[in-house]
Amino acid sequence: MEAATAAEVASGPTLKVKEVSPADAEELQTSPRQGAGSPIPQLLLSPVEENPKIWLPRALRQTYIRKVGDIVNLLIPFQGKPKPRATWTHNGCALDASRVSVRNGERDSILFIREAQRADSGRYQLSVQLGGLEATATIDILVIERPGPPQSIKLTDVSGSNATLEWTPPRDTGNAALLGYTVQKADAKSGLWFTVLEHYRRTSCTVSNLIAGNSYAFRVFAENQCGLSETAPVTADLAHIQKAATVYKTKGFAQRDFSEAPKFTQPLADCTTVTGYDTQLFCCVRASPKPKIIWLKNKMDIQGDPKYRALTNLGICSLEIRKPGPFDGGIYTCKAVNSLGEASVDCRVDVKGKGRIHALRCVISSLQRWKSQGRDTSLDGEGFGLIPISGPLITVIIRMYLRSHFYFPLSHFFLSILILEYRKNCYLYFAKEEPEAQEGR
(Lines give C-alpha, C1' and ligand atoms only; values in the text may rest on other atoms or scores of the structure.)
Protein backbone atom coordinates (compact mmCIF):
# COMPACT_ATOMS: atom_id res chain seq x y z
CA MET A 1 0.00 0.00 0.00
CA GLU A 2 1.37 3.46 -0.97
CA ALA A 3 0.99 6.73 0.91
CA ALA A 4 2.10 10.01 -0.84
CA THR A 5 3.06 13.31 0.81
CA ALA A 6 4.13 16.52 -1.00
CA ALA A 7 6.45 19.35 0.10
CA GLU A 8 6.91 22.72 -1.61
CA VAL A 9 10.51 23.51 -2.46
CA ALA A 10 11.77 26.94 -3.58
CA SER A 11 8.30 28.27 -4.36
CA GLY A 12 7.70 25.98 -7.32
CA PRO A 13 9.53 22.68 -7.29
CA THR A 14 7.67 19.80 -5.59
CA LEU A 15 9.16 16.93 -3.60
CA LYS A 16 7.26 13.62 -3.42
CA VAL A 17 8.24 10.87 -0.94
CA LYS A 18 7.04 7.29 -1.29
CA GLU A 19 6.92 5.06 1.83
CA VAL A 20 7.44 1.30 1.16
CA SER A 21 6.08 -1.34 3.55
CA PRO A 22 8.21 -4.42 4.58
CA ALA A 23 5.94 -6.71 2.56
CA ASP A 24 6.38 -4.57 -0.57
CA ALA A 25 10.12 -4.50 -0.07
CA GLU A 26 10.27 -8.32 0.31
CA GLU A 27 8.11 -8.69 -2.81
CA LEU A 28 10.41 -6.41 -4.80
CA GLN A 29 13.45 -8.42 -3.66
CA THR A 30 11.95 -11.87 -4.48
CA SER A 31 9.93 -10.91 -7.53
CA PRO A 32 10.95 -13.01 -10.56
CA ARG A 33 10.25 -10.00 -12.82
CA GLN A 34 13.21 -8.15 -11.38
CA GLY A 35 16.43 -9.08 -13.08
CA ALA A 36 19.78 -9.21 -11.54
CA GLY A 37 20.68 -5.85 -12.99
CA SER A 38 17.41 -4.07 -12.15
CA PRO A 39 18.03 -0.63 -10.59
CA ILE A 40 14.85 -0.51 -8.45
CA PRO A 41 16.17 -2.71 -5.60
CA GLN A 42 19.43 -0.76 -5.73
CA LEU A 43 17.65 2.64 -5.44
CA LEU A 44 15.48 1.43 -2.64
CA LEU A 45 18.30 -0.15 -0.77
CA SER A 46 21.00 2.55 -1.40
CA PRO A 47 21.08 5.19 1.33
CA VAL A 48 20.06 8.80 0.40
CA GLU A 49 22.66 11.22 1.63
CA GLU A 50 20.98 14.39 0.28
CA ASN A 51 17.34 14.79 -0.64
CA PRO A 52 16.58 15.94 -4.19
CA LYS A 53 15.68 19.62 -4.59
CA ILE A 54 15.35 21.95 -7.63
CA TRP A 55 16.55 25.59 -7.43
CA LEU A 56 14.32 27.33 -9.95
CA PRO A 57 15.67 30.79 -11.04
CA ARG A 58 13.40 33.71 -10.19
CA ALA A 59 13.06 34.77 -13.85
CA LEU A 60 11.54 31.39 -14.73
CA ARG A 61 8.84 31.50 -12.04
CA GLN A 62 6.69 33.51 -14.46
CA THR A 63 5.96 32.98 -18.14
CA TYR A 64 9.16 32.92 -20.16
CA ILE A 65 8.50 34.80 -23.45
CA ARG A 66 10.64 34.44 -26.54
CA LYS A 67 10.21 35.50 -30.17
CA VAL A 68 10.03 33.09 -33.10
CA GLY A 69 13.57 32.22 -34.19
CA ASP A 70 15.19 33.04 -30.84
CA ILE A 71 17.36 30.58 -28.90
CA VAL A 72 15.94 29.00 -25.74
CA ASN A 73 18.64 27.96 -23.30
CA LEU A 74 17.46 27.13 -19.76
CA LEU A 75 19.86 26.01 -17.03
CA ILE A 76 18.10 24.63 -13.96
CA PRO A 77 20.30 23.78 -10.95
CA PHE A 78 19.28 21.00 -8.52
CA GLN A 79 20.75 18.95 -5.67
CA GLY A 80 20.72 15.32 -4.57
CA LYS A 81 23.21 12.68 -3.54
CA PRO A 82 23.86 10.25 -4.97
CA LYS A 83 23.24 11.71 -8.44
CA PRO A 84 19.49 11.82 -9.09
CA ARG A 85 17.72 11.07 -12.33
CA ALA A 86 16.40 14.22 -14.18
CA THR A 87 13.66 14.00 -16.81
CA TRP A 88 11.78 16.66 -18.89
CA THR A 89 8.24 16.64 -20.28
CA HIS A 90 6.34 19.05 -22.55
CA ASN A 91 2.65 19.42 -21.76
CA GLY A 92 2.84 16.04 -20.00
CA CYS A 93 4.48 14.29 -22.99
CA ALA A 94 8.04 13.36 -23.78
CA LEU A 95 10.20 15.94 -25.56
CA ASP A 96 10.71 15.95 -29.33
CA ALA A 97 14.36 14.99 -29.62
CA SER A 98 14.59 16.48 -33.15
CA ARG A 99 13.88 19.97 -31.83
CA VAL A 100 14.76 19.96 -28.14
CA SER A 101 18.00 18.77 -26.61
CA VAL A 102 18.63 18.09 -22.91
CA ARG A 103 21.92 17.74 -21.04
CA ASN A 104 21.92 16.54 -17.45
CA GLY A 105 24.89 17.15 -15.21
CA GLU A 106 25.79 16.37 -11.61
CA ARG A 107 24.16 19.53 -10.31
CA ASP A 108 22.06 20.99 -13.17
CA SER A 109 19.99 20.24 -16.24
CA ILE A 110 19.97 22.25 -19.48
CA LEU A 111 17.07 22.56 -21.91
CA PHE A 112 18.16 23.91 -25.33
CA ILE A 113 16.10 24.90 -28.41
CA ARG A 114 18.12 26.32 -31.31
CA GLU A 115 15.28 28.10 -33.13
CA ALA A 116 12.09 28.54 -31.17
CA GLN A 117 8.77 28.08 -32.95
CA ARG A 118 5.24 28.76 -31.82
CA ALA A 119 4.74 25.00 -31.39
CA ASP A 120 7.41 25.06 -28.68
CA SER A 121 5.13 27.09 -26.44
CA GLY A 122 3.61 25.30 -23.46
CA ARG A 123 4.37 23.93 -20.00
CA TYR A 124 7.70 22.22 -19.43
CA GLN A 125 8.20 20.10 -16.30
CA LEU A 126 11.52 18.99 -14.82
CA SER A 127 11.45 15.96 -12.50
CA VAL A 128 14.39 14.93 -10.30
CA GLN A 129 14.10 11.44 -8.71
CA LEU A 130 16.29 9.88 -6.06
CA GLY A 131 15.18 6.61 -4.45
CA GLY A 132 11.62 7.07 -3.31
CA LEU A 133 11.98 10.87 -3.38
CA GLU A 134 10.99 13.12 -6.30
CA ALA A 135 11.23 16.91 -6.87
CA THR A 136 9.45 18.67 -9.73
CA ALA A 137 9.51 22.21 -11.25
CA THR A 138 7.22 23.72 -13.90
CA ILE A 139 8.23 26.35 -16.49
CA ASP A 140 5.78 28.08 -18.86
CA ILE A 141 7.31 29.12 -22.21
CA LEU A 142 5.52 31.37 -24.71
CA VAL A 143 6.91 31.85 -28.23
CA ILE A 144 5.35 34.86 -30.01
CA GLU A 145 5.60 36.64 -33.36
CA ARG A 146 4.08 39.65 -35.08
CA PRO A 147 0.32 39.60 -35.55
CA GLY A 148 -1.43 39.38 -38.88
CA PRO A 149 -2.98 42.45 -40.55
CA PRO A 150 -6.50 43.63 -39.64
CA GLN A 151 -9.32 42.51 -41.90
CA SER A 152 -11.75 44.38 -44.19
CA ILE A 153 -10.87 48.01 -43.51
CA LYS A 154 -13.30 50.45 -45.09
CA LEU A 155 -14.15 54.14 -45.19
CA THR A 156 -17.65 54.59 -43.78
CA ASP A 157 -18.17 58.37 -43.71
CA VAL A 158 -16.58 61.68 -44.72
CA SER A 159 -17.94 64.82 -43.11
CA GLY A 160 -16.27 68.20 -43.29
CA SER A 161 -12.62 67.67 -42.37
CA ASN A 162 -13.28 64.29 -40.68
CA ALA A 163 -13.18 60.69 -41.99
CA THR A 164 -14.55 57.59 -40.20
CA LEU A 165 -12.92 54.14 -40.56
CA GLU A 166 -13.92 50.61 -39.53
CA TRP A 167 -12.05 47.27 -39.59
CA THR A 168 -12.06 43.81 -38.01
CA PRO A 169 -9.36 42.23 -35.80
CA PRO A 170 -6.68 40.07 -37.42
CA ARG A 171 -7.13 36.34 -37.68
CA ASP A 172 -3.69 35.64 -36.23
CA THR A 173 -2.67 37.58 -33.13
CA GLY A 174 0.88 36.19 -33.14
CA ASN A 175 0.29 33.92 -30.09
CA ALA A 176 0.00 37.03 -27.88
CA ALA A 177 -2.64 39.50 -26.82
CA LEU A 178 -3.14 42.57 -29.05
CA LEU A 179 -1.94 45.85 -27.58
CA GLY A 180 -3.89 47.99 -30.03
CA TYR A 181 -3.87 49.39 -33.57
CA THR A 182 -1.87 52.06 -35.40
CA VAL A 183 -3.76 54.21 -37.92
CA GLN A 184 -1.92 56.14 -40.68
CA LYS A 185 -3.00 58.55 -43.40
CA ALA A 186 -1.43 59.53 -46.74
CA ASP A 187 -2.15 62.48 -49.02
CA ALA A 188 -2.87 61.42 -52.58
CA LYS A 189 -0.52 64.11 -53.92
CA SER A 190 2.61 63.27 -51.91
CA GLY A 191 1.94 59.61 -51.05
CA LEU A 192 3.75 59.96 -47.70
CA TRP A 193 2.31 58.12 -44.69
CA PHE A 194 1.86 59.83 -41.34
CA THR A 195 0.69 58.25 -38.07
CA VAL A 196 -2.49 59.75 -36.61
CA LEU A 197 -3.34 57.18 -33.88
CA GLU A 198 -1.18 54.76 -31.85
CA HIS A 199 -2.11 51.96 -29.40
CA TYR A 200 -5.74 52.46 -30.35
CA ARG A 201 -7.93 49.74 -28.80
CA ARG A 202 -11.17 49.97 -30.78
CA THR A 203 -11.89 48.73 -34.29
CA SER A 204 -13.33 52.04 -35.53
CA CYS A 205 -12.04 55.59 -35.39
CA THR A 206 -12.53 59.12 -36.72
CA VAL A 207 -9.56 61.00 -38.20
CA SER A 208 -9.91 64.77 -37.82
CA ASN A 209 -8.19 67.94 -39.02
CA LEU A 210 -7.86 66.87 -42.64
CA ILE A 211 -6.91 69.60 -45.11
CA ALA A 212 -9.69 70.83 -47.37
CA GLY A 213 -9.13 70.13 -51.06
CA ASN A 214 -6.95 67.03 -50.48
CA SER A 215 -7.74 63.32 -50.90
CA TYR A 216 -6.57 60.82 -48.29
CA ALA A 217 -5.99 57.06 -48.06
CA PHE A 218 -5.80 55.20 -44.73
CA ARG A 219 -4.22 51.98 -43.45
CA VAL A 220 -4.24 50.16 -40.08
CA PHE A 221 -1.54 48.02 -38.39
CA ALA A 222 -2.17 45.52 -35.61
CA GLU A 223 0.27 45.55 -32.68
CA ASN A 224 1.24 43.04 -29.99
CA GLN A 225 4.19 42.60 -27.66
CA CYS A 226 6.37 41.59 -30.61
CA GLY A 227 5.61 44.73 -32.66
CA LEU A 228 3.47 45.92 -35.56
CA SER A 229 2.10 43.62 -38.21
CA GLU A 230 4.28 43.32 -41.29
CA THR A 231 1.53 44.48 -43.67
CA ALA A 232 -1.51 46.73 -43.35
CA PRO A 233 -4.67 46.89 -45.45
CA VAL A 234 -5.39 50.17 -47.26
CA THR A 235 -8.83 51.66 -47.80
CA ALA A 236 -10.15 51.04 -51.30
CA ASP A 237 -11.80 54.48 -51.50
CA LEU A 238 -10.18 57.85 -51.01
CA ALA A 239 -11.58 60.41 -48.59
CA HIS A 240 -12.12 63.61 -50.60
CA ILE A 241 -12.24 66.65 -48.34
CA GLN A 242 -14.37 69.27 -50.08
CA LYS A 243 -13.61 72.94 -49.90
CA ALA A 244 -16.31 75.06 -48.37
CA ALA A 245 -17.74 77.75 -50.64
CA THR A 246 -16.48 80.89 -48.96
CA VAL A 247 -16.71 84.44 -50.20
CA TYR A 248 -13.94 86.72 -49.10
CA LYS A 249 -14.98 90.28 -48.58
CA THR A 250 -12.16 92.73 -48.61
CA LYS A 251 -12.33 95.48 -46.06
CA GLY A 252 -11.78 99.02 -47.10
CA PHE A 253 -8.19 100.06 -46.60
CA ALA A 254 -7.62 103.63 -45.60
CA GLN A 255 -4.39 104.47 -47.32
CA ARG A 256 -2.20 106.77 -45.32
CA ASP A 257 -1.37 110.09 -46.85
CA PHE A 258 2.38 110.63 -46.73
CA SER A 259 2.27 114.00 -48.44
CA GLU A 260 4.32 116.56 -46.58
CA ALA A 261 5.62 120.06 -47.15
CA PRO A 262 9.41 120.42 -47.22
CA LYS A 263 11.09 120.37 -43.83
CA PHE A 264 14.82 120.51 -43.16
CA THR A 265 15.85 117.93 -40.58
CA GLN A 266 19.51 119.00 -40.66
CA PRO A 267 20.28 122.68 -41.31
CA LEU A 268 23.33 124.18 -42.99
CA ALA A 269 26.28 124.92 -40.72
CA ASP A 270 28.43 128.07 -40.85
CA CYS A 271 31.95 127.37 -41.99
CA THR A 272 35.27 129.03 -42.65
CA THR A 273 37.51 127.91 -45.49
CA VAL A 274 40.89 128.79 -46.99
CA THR A 275 41.40 130.22 -50.42
CA GLY A 276 41.94 127.56 -53.07
CA TYR A 277 40.55 124.59 -51.10
CA ASP A 278 37.25 122.99 -52.17
CA THR A 279 34.43 123.35 -49.66
CA GLN A 280 31.17 121.43 -49.30
CA LEU A 281 27.91 122.39 -47.60
CA PHE A 282 25.42 119.74 -46.42
CA CYS A 283 21.81 119.71 -45.24
CA CYS A 284 18.93 117.19 -45.05
CA VAL A 285 15.35 117.74 -46.18
CA ARG A 286 12.17 115.65 -45.89
CA ALA A 287 9.20 116.14 -48.22
CA SER A 288 6.61 114.31 -50.30
CA PRO A 289 6.33 114.66 -53.23
CA LYS A 290 10.02 115.04 -53.98
CA PRO A 291 10.98 118.71 -53.70
CA LYS A 292 13.00 120.86 -56.07
CA ILE A 293 16.29 122.06 -54.55
CA ILE A 294 17.50 125.60 -55.32
CA TRP A 295 20.82 127.02 -54.11
CA LEU A 296 21.29 130.76 -53.60
CA LYS A 297 24.26 132.93 -52.75
CA ASN A 298 23.39 136.28 -51.25
CA LYS A 299 19.81 135.65 -52.51
CA MET A 300 21.00 135.08 -56.09
CA ASP A 301 20.50 131.79 -57.94
CA ILE A 302 23.77 129.94 -58.58
CA GLN A 303 22.35 126.81 -60.22
CA GLY A 304 24.00 127.37 -63.60
CA ASP A 305 27.36 128.59 -62.30
CA PRO A 306 30.13 126.06 -63.16
CA LYS A 307 32.01 127.06 -60.01
CA TYR A 308 29.36 125.25 -57.95
CA ARG A 309 28.19 121.64 -58.11
CA ALA A 310 24.89 120.77 -56.40
CA LEU A 311 23.83 117.15 -55.65
CA THR A 312 20.72 115.64 -54.02
CA ASN A 313 20.42 111.97 -52.97
CA LEU A 314 17.78 110.48 -50.65
CA GLY A 315 17.04 113.81 -49.08
CA ILE A 316 20.70 114.76 -48.54
CA CYS A 317 21.59 118.02 -50.32
CA SER A 318 25.19 119.08 -50.91
CA LEU A 319 26.85 122.06 -52.57
CA GLU A 320 30.51 121.96 -53.56
CA ILE A 321 32.38 125.30 -53.94
CA ARG A 322 35.34 124.66 -56.20
CA LYS A 323 38.55 126.50 -55.17
CA PRO A 324 36.82 129.39 -53.41
CA GLY A 325 38.27 132.90 -53.59
CA PRO A 326 37.74 135.96 -51.41
CA PHE A 327 34.54 136.92 -53.25
CA ASP A 328 33.01 133.46 -52.75
CA GLY A 329 32.23 134.21 -49.10
CA GLY A 330 28.72 135.23 -48.14
CA ILE A 331 25.30 133.90 -47.19
CA TYR A 332 24.38 130.63 -48.88
CA THR A 333 20.76 129.45 -48.93
CA CYS A 334 19.26 126.05 -49.74
CA LYS A 335 15.58 126.19 -50.69
CA ALA A 336 13.29 123.15 -51.10
CA VAL A 337 10.02 123.63 -53.00
CA ASN A 338 7.14 121.22 -53.78
CA SER A 339 3.38 121.49 -54.35
CA LEU A 340 2.64 121.73 -50.61
CA GLY A 341 5.05 124.50 -49.69
CA GLU A 342 8.65 125.48 -49.39
CA ALA A 343 11.39 125.77 -46.78
CA SER A 344 14.91 127.16 -46.68
CA VAL A 345 18.02 127.18 -44.51
CA ASP A 346 20.97 129.62 -44.51
CA CYS A 347 24.59 129.57 -43.51
CA ARG A 348 27.55 131.91 -43.67
CA VAL A 349 30.75 130.99 -45.50
CA ASP A 350 33.97 132.90 -44.76
CA VAL A 351 37.05 132.62 -47.01
CA LYS A 352 40.43 133.34 -45.40
CA GLY A 353 43.42 134.57 -47.45
CA LYS A 354 47.09 133.54 -47.25
CA GLY A 355 48.37 136.69 -45.35
CA ARG A 356 49.76 140.24 -45.84
CA ILE A 357 53.23 139.08 -46.82
CA HIS A 358 51.85 137.22 -49.80
CA ALA A 359 49.99 140.35 -50.93
CA LEU A 360 53.16 142.48 -50.64
CA ARG A 361 55.13 139.98 -52.67
CA CYS A 362 52.53 140.14 -55.42
CA VAL A 363 52.79 143.95 -55.53
CA ILE A 364 56.57 143.85 -55.62
CA SER A 365 56.59 141.26 -58.39
CA SER A 366 54.24 143.51 -60.42
CA LEU A 367 56.47 146.53 -59.97
CA GLN A 368 59.54 144.53 -60.99
CA ARG A 369 57.74 143.48 -64.14
CA TRP A 370 56.92 147.12 -64.94
CA LYS A 371 60.51 148.15 -64.31
CA SER A 372 61.77 145.52 -66.73
CA GLN A 373 59.40 147.04 -69.29
CA GLY A 374 61.08 150.47 -68.89
CA ARG A 375 58.41 152.16 -66.82
CA ASP A 376 59.15 154.69 -64.10
CA THR A 377 58.70 153.02 -60.67
CA SER A 378 59.70 156.07 -58.54
CA LEU A 379 57.30 157.46 -55.94
CA ASP A 380 55.92 159.97 -58.47
CA GLY A 381 56.56 157.83 -61.42
CA GLU A 382 54.38 156.16 -63.98
CA GLY A 383 53.82 152.91 -61.98
CA PHE A 384 52.48 154.54 -58.84
CA GLY A 385 50.54 157.01 -60.90
CA LEU A 386 48.30 154.13 -61.85
CA ILE A 387 47.34 153.37 -58.26
CA PRO A 388 44.65 156.06 -57.74
CA ILE A 389 42.94 155.03 -60.95
CA SER A 390 41.96 151.62 -62.34
CA GLY A 391 44.69 149.20 -63.27
CA PRO A 392 46.17 145.77 -62.49
CA LEU A 393 48.16 146.98 -59.49
CA ILE A 394 45.25 148.35 -57.52
CA THR A 395 43.28 145.17 -58.29
CA VAL A 396 46.07 142.98 -56.95
CA ILE A 397 46.47 145.09 -53.81
CA ILE A 398 42.75 145.03 -52.95
CA ARG A 399 42.35 141.32 -53.59
CA MET A 400 45.39 140.30 -51.57
CA TYR A 401 44.47 142.49 -48.65
CA LEU A 402 40.90 141.23 -48.59
CA ARG A 403 42.22 137.68 -48.35
CA SER A 404 44.20 138.49 -45.22
CA HIS A 405 41.91 140.73 -43.15
CA PHE A 406 38.65 142.29 -44.23
CA TYR A 407 35.39 140.41 -44.76
CA PHE A 408 33.15 143.43 -45.13
CA PRO A 409 32.96 146.30 -47.70
CA LEU A 410 35.94 148.66 -47.48
CA SER A 411 35.32 152.35 -47.08
CA HIS A 412 37.32 154.97 -49.00
CA PHE A 413 39.21 155.78 -45.84
CA PHE A 414 40.63 152.31 -45.36
CA LEU A 415 41.35 152.02 -49.06
CA SER A 416 43.41 155.20 -49.07
CA ILE A 417 45.40 154.11 -46.04
CA LEU A 418 46.05 150.78 -47.74
CA ILE A 419 47.38 152.44 -50.91
CA LEU A 420 49.65 154.81 -48.97
CA GLU A 421 51.08 151.89 -46.94
CA TYR A 422 51.97 149.89 -50.04
CA ARG A 423 53.40 152.93 -51.84
CA LYS A 424 55.70 153.55 -48.91
CA ASN A 425 56.86 149.94 -48.70
CA CYS A 426 57.44 149.73 -52.43
CA TYR A 427 59.37 153.04 -52.48
CA LEU A 428 61.71 151.87 -49.73
CA TYR A 429 62.27 148.61 -51.54
CA PHE A 430 63.20 150.18 -54.89
CA ALA A 431 65.18 153.01 -53.27
CA LYS A 432 67.40 150.35 -51.80
CA GLU A 433 67.79 148.63 -55.14
CA GLU A 434 68.68 151.81 -57.17
CA PRO A 435 72.16 152.42 -55.64
CA GLU A 436 73.08 148.80 -56.03
CA ALA A 437 72.11 148.97 -59.68
CA GLN A 438 74.13 152.15 -60.29
CA GLU A 439 77.23 150.65 -58.70
CA GLY A 440 76.85 147.68 -60.93
CA ARG A 441 76.87 149.95 -63.97
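**Strand pairing, nonpolar cores and salt bridges**

In the predicted model, the bridge partner of Ser 215 in strand E19 is His 240. This contact belongs to the pairing of strand E17 with E19 (residues 239–240), in which the two run in the antiparallel sense over two bridges. A further antiparallel pairing, with nine bridges, connects E17 to strand E14 (residues 178–187), and within that pairing Asp 187 has Tyr 216 of E17 as its bridge partner. E17 is also joined by two bridges to strand E18 (residues 227–228), again with antiparallel direction, and here Asn 224 stands opposite Gly 227 of E18. Two residues lie between E17 and E18, and the two strands form a hairpin. Of the ten residues of E17 (residues 215–224), nine are buried, and the strand is therefore largely enclosed by the rest of the structure.

The protein chain has a mean pLDDT of 78, with 70% of its residues reaching 70 or more. Over residues 17–45, pLDDT stays under 50, and the model has 19 contacts beyond four places in sequence for this stretch; pLDDT likewise stays under 50 over residues 403–414, for which 15 such contacts are present.

Elsewhere in the chain, four strands form an open sheet in the order E3-E5-E9-E8, with antiparallel pairing. The edges of this sheet are taken by strand E3 (50–54) and strand E8 (100–104), each of which has a single partner strand, so that one side of each is left without a neighbour in the sheet. From one strand to the next, the twist averages 15 degrees. Within the sheet, strand E5 (residues 72–81) and strand E9 (residues 108–113) pair in the antiparallel sense over six bridges, and Leu 75 has Ile 110 of E9 as its bridge partner.

The largest nonpolar core comprises 22 residues, and those with the most contacts inside it are Ile 54, Leu 74, Ile 76, Ile 139 and Ile 141. Two or more residues are given to this core by each of E5, strand E6 (85–90), E9, strand E10 (122–130) and strand E11 (133–144), with E11 giving the most, namely five residues. When residues up to four places away in sequence are not counted, the residues touched by Ile 76 include Ile 54, Trp 55, Leu 56, Pro 57 and Leu 60, together with Trp 88, Leu 126 and Ile 139; Arg 107, Asp 108 and Ser 109 are also among them. A second, separate core has 20 residues, including Phe 264, Leu 281, Val 285 and Ile 321.

A search of the whole structure finds twelve salt bridges. In one of these, Arg 107 is paired with Glu 50, the closest N and O atoms being 3.4 Å apart. Arg 107 lies in the loop between E8 and E9, whereas Glu 50 belongs to strand E3, so the pair ties together parts that are 57 residues apart in sequence. Both residues count as partly exposed, Arg 107 at 41% relative accessibility and Glu 50 at 25%.

In another salt bridge, the side chains of Arg 286 and Glu 260 meet with an N to O distance of 3.2 Å. This pair links distant parts of the chain, given that Arg 286 is in strand E22 (residues 279–288) and Glu 260 in strand E20 (residues 260–266), 26 residues apart. Arg 286 counts as partly exposed at 42% relative accessibility, and Glu 260, with a relative accessible area of 26%, is partly exposed as well.

The side chains of Glu 320 and Arg 309 also meet in a salt bridge, at 2.9 Å from N to O. Here too distant parts of the chain are linked, with Glu 320 in strand E26 (residues 316–321) and Arg 309 in strand E25 (residues 308–313), eleven residues apart. With a relative accessibility of 12%, Glu 320 counts as buried, because the limit for that class is under 20%, whereas Arg 309 is partly exposed, with a relative accessible area of 39%.

Key
Residues numbered from 1 in each chain as written. Predicted model: local features only at pLDDT ≥ 70, side-chain atom pairs only at ≥ 80, totals over all residues. Heavy atoms only, no water. Buried < 20%, exposed > 50% of the residue type's maximum accessible area, 1.4 Å probe, protein only. Pairing = 2+ DSSP bridges. Axes fitted to C-alpha atoms, helices over the stretch in contact; angles between N-to-C directions. Core = buried A, V, L, I, M, F, W, Y, C linked by side-chain atoms within 4.5 Å. Contact = heavy atoms within 4.5 Å. pLDDT = per-residue confidence, 0-100. Salt bridge = Lys/Arg side-chain N within 4 Å of Asp/Glu carboxyl O.
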